[in-house]
Amino acid sequence: MHHFHYSGSDLHCESVDLAAVAKLYGTPTYVYSAATMEDNFRRLQRGLAGLDAQLCYAMKANSNIAILRHFANLGAGFDLVSGGEIRRVLAAGADVKSSVFAGVGKTEDEIALALKNEIFAFHVESEPELARINHVAGKLGVKAPIAIRVNPDVDAHTHAKITTGKSDNKFGIPLKHAAAAYEAAAKYPNLAIKGVQMHIGSQLTSVTPFVEAVEKVAPFAAELKAKYGITYFSIGGGMGIIYKDSLASGQQAWWDAQPADKRPLTPETYGAALVPLLKPLGLKILLEHGRFMVGNSGVLLSRVEHLKRGAGKNFLIVDAAMNDLVRPAMYESYHEIVPLRRDSSRRALTADVVGPICESGDCFAKDRPLQEVGEGELIAFMSAGAYGYAMASRYNTRGMAAEVLVKGSSFELINARESFEQIIAGEKVPAFLK
Ligand SMILES: *Cc1c(COP(=O)(O)O)cnc(C)c1O
């Protein structure tokens, strides 16, 4: 469910006509729905009712400070992965005390920054990292709260680039070596063992791998509770969203029409399967969903530059490109593409939807059946709220897109389009070339 829908013939986000946003702020522009994020948050909370659960929103999915503030206001902490992300949380006016710090290569400076801001815990991915965190904590005269990320070796059945819980991934410590890692951790004077963590991958569309992973790790979590008095188990993130029928899935009717055995994963089914496995542990449960919280809460608006008709192939050339939204080029992912103005007289068009960048990979969709749109018309890439702007770059000296947040009938720019001056601000010609 989300809040993007046609009202009359015009695509709206909540009560805001998206064409008005494009007119005011230009394109390409990301637009996010605050109500959709709030619904996602509340549904997850309700799905896990009965547990002492805390969402640590995986902010790498979308780290605009307005969105961080929105989640902090709702009661979320953050799953963060860099010193830059710590500083974003602070810039959002939120605090780091209910956030966890993940990642395989935290630097000493990042560890120190996290400790000074009283991070809830470090999620440790290797034994050398234990030594490093202990060292930094010692220098600061504090005890560093830690949990070790265990790798349960389950196949998440998702794209290879976003699978993280198999034994051949770089992430975590294999379950069979994890007890030894905790023993090592217990010997460090400046570490406090607080929990255990896992995260098996992203864009999971079935609850089965989550169940398998929790079943594998829960007995170990119980042992750790008995031995070290751990207080929490973080089961990671990874809940998938709907990309194919993105627009339709905003409506309850679409969900009602799905056959029971083919229903996409929801926070309700996720909770129903996991709560019974987790509750007996008597531990606080941390969740680190990123994509699920924001993915269907955002769209990328773009304008058609040209419709180029070729021999047996049409190209819809738009003003958004792989630098703005890299997921199709990087993960071969699908984004539904719809016109902002629906018109039943539009003819059908099959086209490759491409950006202006000089790369064959700058392609959003191949041979996509669309409603015909022509030069100057506006389109939306659906389900672009997660790993969209966050993974954008300036390739081809294209400034970062604008971002807008909608709430009800209000909307506000939450990130101005980047200017050319901002792009080259750090660059200079050295004296020896002058
Ligand atoms: C990326 C990541 C997440 C979030 O993944 P989503 O698929 O966006 O929910 C959670 N935990 C860790 C450790 C991650 O690296």
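Strand 1 and strand 2 (residues 10–13) are joined by 4 bridges and run antiparallel; strands are DSSP runs of type E with at least two residues, numbered from the N terminus. This is a predicted model, in which local features need pLDDT of at least 70 and side-chain atom pairs count only at pLDDT 80 or more, while totals for chains, interfaces and linings use all residues. Residues are numbered from 1 along each chain as its sequence is written, and side-chain values use heavy atoms, without hydrogens and water.

S7 lies opposite D10 of strand 2. The open sheet has 3 strands in the order 1-2-3, with antiparallel pairing (two strands pair if DSSP finds at least two bridges between them). Strand 1 (4–7) and strand 3 (16–17) are at the edges with a single partner strand each, so one side of each has no neighbour in the sheet.

## The two domains

The domain assignment gives domain 1 (34–294) and domain 2 (296–423); such bounds come from an automatic or database assignment. Their C-alpha centres are 31 Å apart. Each domain puts 24 residues into the contact (heavy atoms within 4.5 Å).

## The interface

About 2,200 Å² is buried between domain 1 and domain 2, and carbon and sulfur atoms give 55% of this area. Buried area is the accessible area (1.4 Å probe) that two parts lose on being put together, summed over both.
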